[in-house]
Amino acid sequence: MFWMKKPDLTLLLCLFPLLVFAQEPVVHPLFKIERSKNANIVQYDARSGEDGKLLKKKPLVGYWIRLAEQGQVKKLTWVQNTFAYGFKTKLAKDRESAEMDMVVDVGSPISVIRAGDGYRATIPVNGKTAWLERVYVKSNATTFGAKVDYIEIFGKDPDTGEDLYQKIIP
């Protein structure tokens, strides 16, 4: 076909290093949600770029680790994101911190802050700021889904390393 142009190989060769060497985000594990239903957990991570700042797109992510099966990683479904384990993200302008507003009521928003070369999740636990480590959700099946009996929050005091705990009954 005489009217088609040949691809510009110079342009492709210039872009090739960017395409091949585009760096994967650095993943910073934050905390997990464990449930009474089975051993599967929901893991939450922060994601940063080469510059150490949180990514503009999906700076915080949540996903299943299917420990009750073979440990495979799976995305949360729309229903799980919307009604159970999802969150809304407010990314700071400097991309050094973010806030997670969780669907599950953990008592307050979770702050994600830069800590050294990584990121940590913080939340008030009994009035003290804590590094959030894990959340446990005790629920029972009902006709219309699950009813949450209580939520336990486990963290550590950032200054002393003391274990901090709080139980929330909805």
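Colleague: Lys156: how exposed is the residue?

Modeller: Lys156 is partly exposed, at 26% relative accessible area. Here buried means under 20%, exposed over 50%, and partly exposed in between (1.4 Å probe, protein chains only). This is a predicted model: local features need pLDDT of at least 70, side-chain atom pairs count only at pLDDT 80 or more, and totals for chains, interfaces and linings use all residues. Residues are numbered from 1 along each chain as its sequence is written, and side-chain values use heavy atoms, leaving out hydrogens and water.

Colleague: Which residue does Lys156 form a salt bridge with?

Modeller: Asp163, with the closest N and O atoms 2.4 Å apart. A salt bridge is a side-chain nitrogen of Lys or Arg within 4 Å of a carboxyl oxygen of Asp or Glu. Asp163 is exposed, at 55%.

Colleague: Which residues do shared partners join into one network?

Modeller: Lys32, Glu34 and Arg134. Within it, the Glu34 and Lys32 side chains meet at 3.6 Å, N to O. Glu34 is buried at 19%, while Lys32 is partly exposed at 28%.

Colleague: How many salt bridges does the structure hold?

Modeller: It holds 10. One of them pairs Glu96 with Lys53, at 3.5 Å, N to O. That pair links distant parts of the chain, 43 residues apart. Glu96 sits in the loop between strand 5 (87–91) and strand 6 (97–102), Lys53 in the loop between strand 2 and strand 3. Strands (E, at least two residues) and helices (H or I, at least four) are DSSP runs, numbered from the N terminus.

Colleague: Switching to the core. Which residues have the most contacts inside the largest one?

Modeller: Phe31, Ile33, Met102 and Ile110, in a nonpolar core of 30 residues. Such a core is a set of buried Ala, Val, Leu, Ile, Met, Phe, Trp, Tyr and Cys residues joined through side-chain atoms within 4.5 Å.

Colleague: And what does Ile110 contact?

Modeller: Leaving aside neighbours within four places in sequence, its contacts include Phe31, Met102, Ala121 and Leu132. Contact means heavy atoms within 4.5 Å.

Colleague: Backbone next. What is phi of Lys58?

Modeller: Near 55°, a positive value in a residue other than glycine. Most residues other than glycine have a negative phi. Lys58 is in the loop between strand 2 (41–48) and strand 3 (60–66), and is exposed at 53%.

Colleague: What about Asn126?

Modeller: Asn126 also has a positive phi, about 50°. Its place is the loop between strand 8 (118–125) and strand 9 (128–142).
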